Amino acid sequence: MAERCAVIGIGQTKHASARTDVSIAGLVREAALRALDDAGLDWADIDAVVIGKAPDMFEGVMMPELYLAPALGAVGKPMMRVHTAGSVGGSTVLVAAHLVTSGIHERVLTVAFEKQSDSDAMWALSVPQPFSPPLLAGAGGYFAPIIRAYIRRSGAPDHIGIAVAVKDRLHGSRNPYAHLHMPDITFESVRDSVMLWDPLRYLETCPSSDGAAAMVLASEQAAASSPAPAWVHGMAMRSEPTMFAGRDQVNPRAGRDCVADVYAQAGITEPRREIDVAEVYVPFSWYEPMWLENLGFAAEGEGWKLTDSGATSMDGGDIPWNCSGGVLCTNPIGASGMLRFAEAALQVRGLAGEHQVDGVRRALGHAYGGGSQFFAMWVLGSEKP
Amino acid sequence: MADTEVLSSPHILEYPYSRSVGPVIGSFLAGLRDGKVLGVRCGSGAGERVVVPPTEYDPLTGEDSGEMVEVGPGGVVTSWAWESEPLQGAPLDKPFAWALVRLDGATTAMLHVVDAGSAGAMATGMRVLPRLVEPSARVGSILDLACFVPEGSDSPVRAQPAEPGNPAQPDDPAQPDDPAQPDDPAQPDDPAQPDDPVTTLSTPIRLDYRFSAGISQSRFLRGLVEGVFIGQRCPRCAKVYVPPRGSCPTDGVPTTEDVELSDTGTVTTFCVVNVPFQGQAIELPYVCAQVLLDGANISFMHLIQGIPADEVRMGLRVRAVWKPPAERGPSLESVLCFEPTGEPDAPYESYEEYL
């Protein structure tokens with residue numbers, strides 16, 4: 001990348017199953033104003049706005065960016081909307097970051113949101129398709145067979161998914177913004193919860209949330225006065241078709257290629273040793289061991305052993321994953337990826353509060369979307385790259 | 001059916017969206033229910049404006065907007081377009097004008113409709129008055145204000161001026177009076193639940209699409225009527241796609257060679273669906289599986305029956321259960337389900353690369 005880029009402001013809403021107290025504009029402003037306040041900036045200081053959200057079906061507002069432009073102070077400024085399904089929160093950040101690393105803008109506001117309570121994600125993701133039987137059953141119905149394939153391929157025992165569900169909920173109970181707060185969750189309560197999409201249980205599944213996230217990204221010059229910038233050390237996006245003969249759906253090549261690019265930019269050769277915390281898009285419990293392998297933290301087939309050893313817990317693990325509680329605690333779909341990127345930044349800046357890990361120097365933020373066909377990732381550091 | 005005919009089908013997306021409106025639009029809607037139009041002050045000094053409908057923010061700067069103020073009831077048409085054939089669901093069921101109306105005291109114009117009788121009665125700059133629906137029928141919606149009518153027209157104006165003490169001041173738009181309180185938008189003598197704030201709007205949306213299956217998929221769908229699965233082979237990598245998509249996603253070349261496939265195959269992976277949701281049409285629980293037909297290089301999703309859900313397994317050999325010929329149509333629904341063939345399970349290695 002040509003110019004350096006840093007995160008100098010972060011904001012997010014209180015996430016909930018239904019934020020009926022706000023409009024969509026009110027929701028995105030709640031996050032954006034907090035990010036501006038964190039950065040010590042005002043609307044007028046922003047050069048450009050990049051917004052992202054998942055399918056418009058969720059709210060039934062076509063191209064909401066048109067109506068949100070004035071709500072985000074974008075009048076007279078460049079504004080664009082990014083859409084890459086569930087990974088959009090991450091790719092939105094990266095499009096914004098490119099506006100800085102390219103040297104075009106000094107301060108870019110990036111925002112992502114979803115207001116799932118305006119409709120029903122199960123419906124929006126399961127619309128019967130012409131000429132086909134109505135078999136689709138939401139994202140869980142799509143991903144559960146892939147999880148079954150992972151379990152078969154790796155020989156992982158059944159309790160791994162349950163362990164992730166418990167761990168992320170315990171992490172999330174320390175995050176005041178998280179949608180779900182379940183400090184009393186137990187292995188038994190997850191195990192005994194309803195099997196929604198066998199092999200996926202209810203408590204191994206992410207919630208539907210209303211929420212928004214925002215960040216201010218700045219050039220090196222604009223970040224000079226920031227007390228705690230988080231520097232971009234590497235960032236990349238990759239995609240691949242949803243279906244093609246011989247596609248590895250369990251360990252998609254686009255994810256492997258994407259992270260290899262990011263690590264090369266950041267000079268990382270041993271991710272488990274060189275990355276201190278990771279915020280990874282895990283909407284269903286089993287995606288933790290699957291992504292541990294895809295992202296190079298474990299050899300293929302070995303990710304579940306890392307989870308099983310407690311390595312990904314912030315209570316004693318050496319590579320804590322999803323200290324914020326992750327997508328399993330908070331899932332405003334369009335914002336879920338940006339929350340991963342923002343939580344990684346909070347850790348690097350030392351501002352994550354009760355879920356802060358000590359001495360974080362480098363953090364990974366990750367998002368994926370669609371049928372595991374879109375990937376977006378970045379690595380941030382406390383030092384300039 | 002001609003062999004090259006492209007099949008198409010209605011594709012309807014429909015949902016009763018429920019919008020939370022937030023405090024500012026909520027006050028605006030509550031105001032309409034109470035028979036008045038509210039705007040909001042934005043900016044200050046010489047730059048002060050009254051924005052109608054009100055926003056939570058100054059649209060020019062992004063700063064928070066200020067206090068809410070009543071505007072109107074009359075206003076000026078700043079632009080308009082005649083609608084001679086109203087569509088179903090239009091605000092009026094007779095010809096009308098879509099119009100931008102700048103209400104007295106407002107800086108901005110609001111989109112609404114004018115019931116003028118004919119296009120000849122419309123003019124930019126004309127003055128209009130609101131016609132409200134009966135108080136008992138108001139629900140907190142933009143359509144509580146049924147329409148505008150030309151000032152001085154013979155049309156019965158059922159609207160009461162919002163406030164007797166708030167005469168229109170058409171030449172003094174920067175001085176709206178009677179600031180309303182966002183948290184207390186209703187007046188004591190209002191008919192409908194004056195204390196209920198308007199928090200949500202029901203917005204049913206229906207989109208009527210026509211889905212076109214394309215040439216290759218149409219050939220596949222016609223095969224289903226005959227009880228056969230027709231796939232297509234990539235001329236470059238030789239992989240067989242079913243349903244065919246007309247091109248190979250790996251090589252990016254057209255697939256033109258049709259391949260008739262067996263109606264037996266292997267379950268590569270599956271899940272047992274046990275979650276109810278709107279629009280669901282199959283009894284729970286059901287087994288939704290990826291079925292790899294013999295001779296194909298890609299699996300597709302279908303239903304597994306004829307075996308208890310907890311006995312379905314990866315590698316299970318299955319055969320299509322077809323509807324009787326007379327009941328078949330060009331749809332994968334012509335296959336009721338797949339059921340076990342009774343053969344031994346396929347070895348994992350035989351389908352591993354399709355996971």
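Reply: Two strands count as paired if DSSP finds at least two bridges between them, and helices (H or I, at least four residues) and strands (E, at least two) are DSSP runs, numbered from the N terminus. This is a predicted model, in which local features need pLDDT of at least 70 and side-chain atom pairs count only at pLDDT 80 or more, while totals for chains, interfaces and linings use all residues. Residues are numbered from 1 along each chain as its sequence is written, with chains lettered from A and ligands numbered from 1 in the order in which they are written.

Me: In what order do the 9 strands of the open sheet in chain A run?

Reply: The pairing in this sheet of chain A is mixed, and its edge strands, S3 (79-82) and S9 (277-279), each pair on one side only. From one strand to the next the twist averages 25°, where axes are lines fitted to C-alpha atoms, for helices over the stretch in contact, and angles run from 0 to 180 degrees between N-to-C directions. The order is S3-S2-S4-S7-S1-S8-S11-S10-S9.

Me: At about what angle to S10(A) does helix H13 of chain A run?

Reply: Contact here requires that the C-beta atoms of two residues, placed from the backbone, lie within 7 Å. Helix H13 (residues 333-349) of chain A lies across several strands of chain A, including S1 (5-12) and S7 (210-219). Its direction relative to S10(A) is about 175°.

Me: Is A:Ser189 buried, exposed or partly exposed?

Reply: A:Ser189 belongs to helix H7 (residues 187-191) of chain A. A residue is buried if 20 or more other C-beta atoms lie within 10 Å of its own, exposed if 12 or fewer, and partly exposed in between, with C-beta atoms placed from the backbone. Because A:Ser189 has 15 C-beta neighbours inside 10 Å, it is partly exposed.

Me: Which element gives the most to the side of chain A that touches chain B?

Reply: In this interface, 52 residues of chain A are in contact with 54 residues of chain B. Helix H1 (24-39), helix H4 (121-124), helix H5 (138-154) and strand S5 (195-198) of chain A each supply at least two residues of that side of chain A. The greatest contribution, 9 residues, comes from H5(A).

Me: Which residue in S15(B) stands opposite A:Asp198?

Reply: S5(A) and strand S15 (residues 264-273) of chain B run antiparallel and are joined by 2 bridges. Opposite A:Asp198 stands B:Val272.
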